[in-house]
Amino acid sequence: MTSYTTTKADMIELRRLKGLLPPELQSWVMVEKAIEVNPPLIRSEEIGSDQVEIQVDLVKWEQLALDQRNLLFWHEVARIQNDTIPKEGWEMAALAIGLGGAVGELWVQDGLLLMLALALCGVAGYRLYQKNNGDRTLTEAIEADEKAIAIATRFGYSLPNAYKSLGSALKALIEQTPKKRQRAKYEARLQALKRSAAKAKAKVKAAREAATNTETVY
């Protein structure tokens, strides 16, 4: 169960994480402690038209190594930069209105209004499907992992250490996650990260060989 009391250690960690935000995000992204029972480890959500809040379960968070925390935090930052965090949803309300309107128009037999109500249901249903599409959310997570690596290098990590830290964080999440579906997503992200690391390593090696060949010519 999550504690509702924010300790001095919690405040220090929240301030530290705030300092890990890229400068361009610091004025409108907040970092807070999650206060509900059994929250996700870390998540982001819009709290206004121009403000986002990153919520962290500090009880689970403290069980991770510092580098693991940093890369998972930057993954969340990357999701904000990629504009893939959940928005304030209108879809459920629209679906309810559309269904209610459709039932009402069936009663009064107004064909035009019935079509409009069904169209509203269709749009809302499609948007809900998009939000919950597993392939899409996995792709977005993998893209955020790639961007988290880039953010880490901005904060002084070498490329190999950034990959290593995020990889170890994903392994820790796999070990700690009992739900098979969620664990499979972490495993897919880890495999994608390994492929990305191999490509980055090959690129660096090729660049070094090209530089060596150039020096030999001169």
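1. Start with arginine 79 and glutamate 76, whose side chains form a salt bridge, N to O, of 2.6 Å. (For a salt bridge, a side-chain nitrogen of Lys or Arg must sit within 4 Å of a carboxyl oxygen of Asp or Glu.) Both residues belong to helix H3, 3 residues apart, or about one turn of the helix. Helices here are DSSP runs of H or I with at least four residues, strands are runs of E with at least two, and numbering goes from the N terminus. Arginine 79 is buried, and glutamate 76 is buried too. Buried means under 20% relative accessible area, exposed means over 50%, and partly exposed is in between, using a 1.4 Å probe and protein chains only.

2. A quick word on what you're looking at: this is a predicted model, where local features need pLDDT of at least 70, side-chain atom pairs count only at pLDDT 80 or more, and totals for chains, interfaces and linings use all residues. Residues are numbered from 1 along each chain as its sequence is written, and side-chain values use heavy atoms, with hydrogens and water left out.

3. How many salt bridges does a search of the whole structure find? It finds 9. One of them pairs glutamate 13 with arginine 69, at 3.4 Å from N to O. That pair ties together distant parts of the chain, with glutamate 13 in helix H1 (residues 8-19) and arginine 69 in helix H3 (residues 66-81), 56 residues apart. Glutamate 13 and arginine 69 are both buried.

4. Now look at helix H6 (residues 134-154), where arginine 136 and glutamate 140 are 4 residues apart, so about one helical turn separates them. Their salt bridge has its closest N and O atoms 3.1 Å apart. Are these two buried or exposed? Arginine 136 is partly exposed, at 39% relative accessible area, while glutamate 140 counts as buried because its relative accessibility is 18%. Elsewhere, salt bridges with shared partners join Glu13, Arg16 and Arg69 into one network.

5. Finally, check the largest nonpolar core, which has 41 residues. Such a core is a set of buried Ala, Val, Leu, Ile, Met, Phe, Trp, Tyr and Cys residues joined through side-chain atoms within 4.5 Å. Leu72, Phe73 and Trp74 are among the residues with the most contacts inside it. H7 gives this core its largest share, 8 residues. Leaving aside neighbours within four places in sequence, leucine 72 has contacts (heavy atoms within 4.5 Å) that include Trp61, Leu166 and Leu173.
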